[in-house]
Amino acid sequence: MPRKSPAKPEPAARVPENLPDRLLAWYDRHRRLLPWRAGPGERADPYHVWLSEIMLQQTTVVTVGPYFRDFLARWPRLEDLAAAPLDDVLTAWAGLGYYARARNLKKCAEVVAAEHGGVFPDSEEDLLALPGIGPYTAAAIAAIAFDRPATILDGNVERVMARLYRVEAPLPKAKAELRALARRHTPEYRPGDYAQGIMDLGATICTPTKPKCALCPLTADCAALKAGDAETYPRKAAKAERPQRYGLCFAMIDRQGRIALEKRPEKGLLGGMMQVPTSAWRDTPFADGEVMPPVAANWRKLDGQVSHVFTHFALSLTVLAATRVKADPAYRWVGVDELGRVALPSVMRKVVDHVLAKSA
DNA sequence: AATCCGTGGCT
DNA sequence: TAGCCAAGGAT
């Protein structure tokens, strides 16, 4: 029998030795002033680094900015956050998405306060053990807050490595290969600045579309640039299509103009957040009169739909409204002026806005 | 290992 | 417009 052919030889990924130096030189010239970033030569507060990194998970710098400032103003120290009620944290997080992050943020603050004397551990291993901190965030905190030579691998680094070496394997399978490449580049010298620099490069120069290769400090090393196909990396596996789901929302307004809200289960989608009472969400639209409203009242169907797209499904909500409803204490009755103090996810904010627009 | 988990901006 | 994408983690 012919022996199984040997694995395709890795391209002898010879790391240009001065690549980290060129990256650092570029970073020193183009360093962005971000709210959580320390001044040149200074080391950032681990609490600030941690808070920003959790917020930045799958979330853009522009979106995070205001939330980061608000959190820091309200909870200046880790101990303040650890002592805060979870509902306050969820309310402050409302609109940022991925709400498990907020629950884990609170949990992590409590653990660090109680078991680490309020001081973040400085090793990747210990950081990884904390709630909400995975491989990326552990490495990022170790590098940025403690200047440890940890290898970060986020979407930016994946893209930069995939282009430098024209990695043909598609994500997410290519992750191990990309991580190995990234590790070879991680310098012992200024690893924190290198980590932020390589991410800045990915965010501003080596962008997903129309990369600004003319401005890149690494052009001499980039295989994809040489081949003229940088924009086609990283390769990605085809993604599953997004199903459409449907639901009904029941907006109850009392005589004072307050709307009834209820709390969602602590786990799962929008866990622990508030909502306008809703039917189950399913794959087929609802027919008129198919679902019994929560209370008997003068229900009327509002024109139009509320549409919202989640990561793995799209949702179309039909809204029914009833006014002059008796304020059942089973719900939380919230005035329009109080909505900012409620943990309302964006989809439910849309529902409330729809009610206000259609009944005005 | 594959799936679940938000949102807003950009093309 | 409809998909793509962002400093991912938990299960």
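Visitor: Which atoms pair up where Lys239 meets DNA strand C?

Guide: The general idea is a polar contact, a pair of N or O atoms within 3.5 Å. Here an N or O atom in the side chain of Lys239 sits 2.6 Å from a phosphate oxygen of DNA strand C. Keep in mind that this is a predicted model, where local features need pLDDT of at least 70 and side-chain atom pairs count only at pLDDT 80 or more. Residues are numbered from 1 along each chain, and chains are lettered from A in the order in which they are written.

Visitor: What about the backbone of Gln58 and of Pro135?

Guide: A polar backbone atom of Gln58 is 3.0 Å from a phosphate oxygen of DNA strand C.

Visitor: Which elements give two or more residues to the surface near DNA strand C?

Guide: "Near" means that a heavy atom of the residue lies within 4 Å, and helices are DSSP runs (H or I, at least four residues). In this model the elements are helix H8 (135-146), helix H9 (155-164) and helix H11 (191-204).

Visitor: How many residues are around DNA strand C, and which come nearest?

Guide: There are 26, and Gly132, Thr137, Asn156, Arg159 and Lys239 come nearest.

Visitor: Is Leu34 buried or exposed?

Guide: Buried means under 20% relative accessible area, exposed over 50% (1.4 Å probe, protein chains only). Leu34 counts as buried because its relative accessibility is 14%. You'll find Leu34 in the loop between helix H1 (19-30) and helix H2 (46-55).

Key. Heavy atoms only, no water. Polar contact = N/O pair within 3.5 Å; in protein donor to acceptor, adjacent residues only side chain to side chain.
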